[in-house]
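The sequence and structure are shown first.

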Amino acid sequence: MPYPDRFYPVVDSVAWVARLALLGVGTVQLRAKGLDDSEALQIVSDALAVIKGTDTKLVVNDYWRAAIIAGAKHLHLGQEDLAEADLKAIRDTGLTLGISTHDDAELETALRAAPDYIALGPIFPTTLKSMRFAPQGIAKLTEWKRRIGNIPLVAIGGIKLEQAGEIFAAGADSIAVVSDVTQNAEPDARVRAWLQDQPEAA
């Protein structure tokens, strides 16, 4: 399977990680903000425990020290986190690295870190968090993919299943999904619909 998988939910709790793993989701990002070092290590360790024995890959957002100590395999950093992270330590442990980008300068910064994937967002307006950046739009995906070549491109921000076709057609290799799952009235059914819509696509 590709990394990250085409359907790439982002959640904020171990309970959500466990729920998605049971549903057969291939890649899940754990993004829990505002934790101290011990809390971060605990939640990362717990999340790794609940996916043990499943095919789910856990991507740790932000907490690179906890990811290293807990033995995680995948990491995602925003630009602020990237500036403060020890990239050599991250690479020495074999962690994969995904990086968020929102504009040209951030893309250049991300490319210098030789990431395993690049995320672009927000594609559409999002209500989940205050964004310093305006919606990028679908056309930006095509431009970004042309510039990064073989590096996988993840689209994120306000994307619903009904828009997946045009997002992939524009050049995205993966879609990171937050509210379309976590705020859905029937999240399990929505997850199954996402998985059926992306049947082990190359």
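## An exposed residue and the basis of the model

Ala169 counts as exposed because its relative accessibility is 70%; with a 1.4 Å probe and protein chains only, exposed means over 50% relative accessible area, buried under 20%, and partly exposed in between. Ala169 belongs to helix 8, residues 164-169. Helices here are DSSP runs of H or I with at least four residues, numbered from the N terminus. Between the C-alpha atoms of Ala169 and Glu143, which are 26 residues apart along the chain, the separation is 12 Å.

The model is predicted, with local features requiring pLDDT of at least 70 and side-chain atom pairs counted only at pLDDT 80 or more, whereas totals for chains, interfaces and linings use all residues. Residues are numbered from 1 along each chain as its sequence is written, and side-chain values use heavy atoms, with hydrogens and water left out.

## Nonpolar cores

A nonpolar core is a set of buried Ala, Val, Leu, Ile, Met, Phe, Trp, Tyr and Cys residues joined through side-chain atoms within 4.5 Å. The largest such core contains 58 residues, and Leu20, Leu75, Leu141 and Ile167 have the most contacts inside it. Helix 2 (residues 37-51) supplies the largest share of this core, six residues. A second, separate core has nine residues, including Tyr3, Val10, Val59 and Val154.

Contact means heavy atoms within 4.5 Å. Neighbours within four places in sequence aside, the contacts of Leu75 include Val59, Tyr63, Trp64, Ile90 and Leu97.

## Helix 1 and helix 2

The axes of helix 1 (residues 14-22) and helix 2 come within 9 Å and cross at roughly 15 degrees. Axes are lines fitted to C-alpha atoms, for helices over the stretch in contact, and angles run from 0 to 180 degrees between N-to-C directions. Helix 1 is therefore roughly parallel to helix 2, a description applied to angles under 35 degrees.

Val14, Val17, Ala18 and Ala21 of helix 1 meet Ile43, Asp46, Ala47, Val50 and Ile51 of helix 2. By class, this contact has eight nonpolar, no polar and one charged residues.

## Helix 6 and helix 7

Helix 6 (residues 104-112) and helix 7 (residues 138-148) pack at about 30 degrees, with their axes 12 Å apart. These two helices are therefore roughly parallel to each other.

From helix 6, Asp104, Leu107, Glu108 and Leu111 make the contact with Glu143, Trp144, Arg147 and Ile148 of helix 7. Its residues divide into four nonpolar, no polar and four charged, with Asp, Glu, Lys and Arg counted as charged, Ala, Val, Leu, Ile, Met, Phe, Trp, Tyr, Cys and Pro as nonpolar, and the others, Gly among them, as polar.

Terms used: Angles under 35 degrees count as roughly parallel, over 145 as roughly antiparallel, 65 to 115 as roughly perpendicular and the rest as oblique.
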